[in-house]
Amino acid sequence: MGTFSKLAASAAKLVVLSLVPNISLAMAATSDDLFNTYFANVLDGAPCFARTYDDAHLAKHPGQQVRAIEVDLSKANSDGRPNAADHFTLGFALMLTSGPSWFGQAASCKTNDADFECYLESDGGVFRLTPQKDGGLRLETGENGLSLEGTDGDIELTGKDGIDRVFDLVTSKAECQAAAAFFEGGSD
């Protein structure tokens, strides 16, 4: 017969092992719930999160390149599958302080338990969207930054230094509509 501590340790292992399937189910529900909250079950049209910096902010941060940035849920994945927590497509666009042109690309994303991990097409880089208490999303570039193609050339945002690494986005329609109008209008 074993000692009390050995019996307690064996009982604890059994409890943990019996919980493992339930833990994985809870994690799956969490990622589905997160996706539904921010992207799938939005009642006011296509979900859009954005930020535009005013002239006063840009004057205080002269090194900042980004004037406006937005992410919006695409109607379908680029492969034709419906958007779902494990694979969905976002439109990603930004405007620089140097002019009125938008730069944009699609991003393939997946939902993790606490955030969304996204990859810009054409090896444009990685970014993460983390839910904030106010209902917005914090966009953080990966350590290699982001690269986007545009009609006026390509741009890069460094992932290692500078102010263009973290953006606090709020729900919005104006930026997404402006970016869509620019791309649909042939960027004239």
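**Reading the fold and its details**

Reply: Among the contacts in the chain with a separation of 6 or more, 50% are between residues 24 or more positions apart. Bear in mind that this is a predicted model. The chain holds three helices and nine strands, and along the sequence these follow the pattern α-β-α-β-β-β-β-β-β-β-β-α. Of its 188 residues, 37% count as buried.

Me: How many bridges join β6 to β7, and which residue takes a positive phi in their hairpin?

Reply: Six bridges join β6 to β7 (residues 137-150), and these strands run antiparallel, with L129 standing opposite L139 in β7. Their hairpin has five residues between the strands, and there G135 takes a positive phi near 95 degrees.

Me: Which strands pair with β9?

Reply: One of them is β7, which pairs with β9 in the antiparallel sense over four bridges; in this pairing R138 stands opposite D168 in β9. Another is β1 (residues 48-52), which pairs with β9, again in the antiparallel sense, over two bridges, and here F49 stands opposite T171 in β9.

Me: How do I read the aromatic pairs, and how many are there?

Reply: The idea is to take the distance between ring centres together with the angle between the ring planes, where pairing needs centres within 6.5 Å. By this rule the count comes to nine aromatic pairs. The ring centres of Y38 and F116 are 6.1 Å apart and their planes are at 70 degrees, so this pair is edge-to-face.

Me: Why is the pair of F39 and F88 tilted?

Reply: The centres of the rings of F39 and F88 are 5.2 Å apart, and their planes are at 40 degrees, so the pair is tilted; for comparison, planes under 30 degrees apart would count as stacked and those over 60 as edge-to-face. This pair also links distant parts of the chain, with F39 in helix α1 and F88 in strand β3 (residues 88-96), 49 residues apart. Both F39 and F88 are buried. One aromatic cluster is formed by F35, Y38, F39, F49, F88 and F116.

Me: How is a pocket read, and which element gives the most to the lining of the largest pocket?

Reply: Rolling a probe the size of a water molecule over the atoms shows where empty space is left. The largest pocket holds about 410 Å³ of space. It is lined by 21 residues, of which D72, L73, C176, A180 and E184 are the closest to its centre. The elements that give two or more residues to this lining are β2 (66-73), β3, β4 (102-111) and α3 (174-184), and α3 gives the most, with six residues. By class, the lining has eleven nonpolar, five polar and five charged residues.

Me: Where is S101 found, and is S101 buried or exposed?

Reply: S101 has its place in the loop between β3 and β4, and because its relative accessibility is 14%, S101 counts as buried. Leaving aside its neighbours within four places in sequence, S101 is in contact with L94, M95, L96, D152 and F182.

Me: Where is I163 found, and which residues does I163 touch?

Reply: I163 is found in the loop between β8 (153-157) and β9 (166-171), and its relative accessible area of 33% makes I163 partly exposed. Not counting residues up to four places away in sequence, I163 touches H61, G63 and Q64. The C-alpha atoms of I163 and G63 are separated by 7.1 Å, although these residues are 100 residues apart along the chain.

Note on methods. Residues are numbered from 1 along each chain as its sequence is written. This is a predicted model: local features need pLDDT of at least 70, side-chain atom pairs count only at pLDDT 80 or more; totals for chains, interfaces and linings use all residues. Side-chain values use heavy atoms; hydrogens and water are left out. Rings of Phe, Tyr and Trp (its six-membered ring) pair if their centres lie within 6.5 Å; planes under 30 degrees apart count as stacked, over 60 as edge-to-face and the rest as tilted. Buried means under 20% relative accessible area, exposed over 50%, partly exposed in between (1.4 Å probe, protein chains only). On a 1 Å grid over the protein atoms alone, a cavity is a set of points where a 1.4 Å probe fits but cannot get out, and a pocket is an open set with protein on both sides within 12 Å along at least five of seven lines; lining residues have an atom within 4 Å of a point. Grid points are joined across faces, edges and corners, and a volume is the space filled by probe spheres set on the points. Ala, Val, Leu, Ile, Met, Phe, Trp, Tyr, Cys and Pro count as nonpolar, Asp, Glu, Lys and Arg as charged, and the others, Gly among them, as polar. Two strands pair if DSSP finds at least two bridges between them. Contact means heavy atoms within 4.5 Å.
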